[in-house]
Amino acid sequence: MAVIAQPESVAILPDDNRKQLGAFLRARRESLDPQRLGLPRIGRRRTPGLRREEVAMLANVGVTWYTWLEQGREVNPSQTVLLSVANALQCSPLETRHLFVLAGLTPPESTAATVCEGISPGARRMLDSLMPQPASIQKPSFDIVAWNDSFCRLMGIDFATLPDEDRNCIYLYLTNETWRSRIENCDVLPTFVSYFRAAMAEHRGDPIWESKLARFFAASSEFEALWHQRYEVRGVENQVKNFHHPQLGRFSLQQMYWYSAPRNGSRLLVYLPMDAAGEQALAWLDKQ
């Protein structure tokens, strides 16, 4: 079996990050039962869990290199090698993500997807309980994964009838005239471009994200032009959204985001009334 004696360096870590990384690795190592992993019983174990040399063997890395990593020395692992270490330590998806963040590396897409996908019955009840406030749950890619009736009525779209790949805020704004006509803010498109560019930084080279970006380009030459002409990045933020509804006329709502754990997981979007016009609009939506 080949041993990776000194993996390539890809990140320069602050001392505090190195210490936290080492402490996390040691805690994981000491929590594992060598017998459950099928390791032979050789000699008396002075400490609980695995030995460092056993972790190194399981991860296919050098013992000295792994020891330095756990001791918080100036060792900077690559994504591939750190994933091998995470697998050797039987890390859960959330623990793997934490490990990558401590190492200053972009977590694998599979760990992020495991954390943020899926809508629990509790989340479904929460959306319904927010009525008449329009609410939805979105992924970092702006895919809409759940919604309540008020959100459908506000945007004029029955999301249940759409294919999964079309339930995306950016794609709907680019391709659906009803969705686009409901929003009157003049800076929606450049804002979407800057949001998506910032979100995509954690998913460079991921085929799912690359395919989504290509789909946006195909749907809108204006989106593609802004992507190439303006290198702006913005985090998703709360703002006032101006709406124009065929029955209700013009009104404004306060857009509010709440994030699930971890911070870059799915987010809850709720629209709240700001004045009497907004209150009346939401009351009308609730009765439809």
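What follows is one connected answer, starting with that loop.

Analyst: First, the ground rules. This is a predicted model, where local features need pLDDT of at least 70 and side-chain atom pairs count only at pLDDT 80 or more, while totals for chains, interfaces and linings use all residues. Residues are numbered from 1 along each chain as its sequence is written, and side-chain values use heavy atoms, with hydrogens and water left out.

Start with Ser141. It sits in the loop between strand E1 (135-138) and strand E2 (144-147). Strands here are DSSP runs of E with at least two residues, helices are runs of H or I with at least four, and both are numbered from the N terminus. Is Ser141 buried or exposed? Its relative accessibility is 6%, so Ser141 counts as buried. The cut-offs are these: buried is under 20% relative accessible area, exposed is over 50%, and partly exposed is in between, using a 1.4 Å probe and protein chains only.

What does Ser141 touch? Setting aside neighbours within four places in sequence, Ser141 is in contact with Asn168, Phe196, Trp209 and Lys212. Contact means heavy atoms within 4.5 Å. Met200 is 59 residues away from Ser141 along the chain, yet their C-alpha atoms are separated by 7.9 Å. Ser141 also makes a side-chain polar contact with the side chain of Asp143, at 3.3 Å. A polar contact is a pair of N or O atoms within 3.5 Å; within protein, one must be able to donate a hydrogen and the other to accept it, and residues adjacent in sequence count only if both atoms are side-chain atoms.

Phe142 lies in the loop between E1 and E2 too. Phe142 is not a glycine, but has a positive phi of about 75°. With a relative accessible area of 1%, Phe142 is buried.

Asn60 also has a positive phi, about 65°, and is not a glycine either. Its loop runs between helix H2 (52-59) and helix H3 (63-70). Asn60 is partly exposed, because its relative accessible area is 24%.

Pro132 belongs to the loop between helix H7 (121-129) and E1. The peptide bond from Met131 to Pro132 is cis, with omega near 10°.

Now a loop between two helices. Asn185 lies between helix H10 (177-182) and helix H11 (188-200). At 11% relative accessibility, Asn185 is buried. Leaving out residues up to four places away in sequence, Asn185 touches Gln239, Val240, Lys241 and Asn242. Two backbone atoms lie by polar atoms of the Asn185 side chain. One is the backbone oxygen of Val240, at 3.1 Å. Another is the backbone nitrogen of Asn242, at 2.8 Å.

Last, the helix pair. Helix H12 (residues 207-219) packs against helix H13 (residues 221-229) at about 120°, with axes 5 Å apart. Axes are lines fitted to C-alpha atoms, for helices over the stretch in contact, and angles run from 0 to 180 degrees between N-to-C directions. H12 and H13 are therefore oblique to each other. Under 35 degrees counts as roughly parallel, over 145 as roughly antiparallel, 65 to 115 as roughly perpendicular, and the rest as oblique. From H12, Leu213, Phe216, Phe217 and Ala219 meet Ser221, Phe223, Glu224, Trp227 and His228 of H13.
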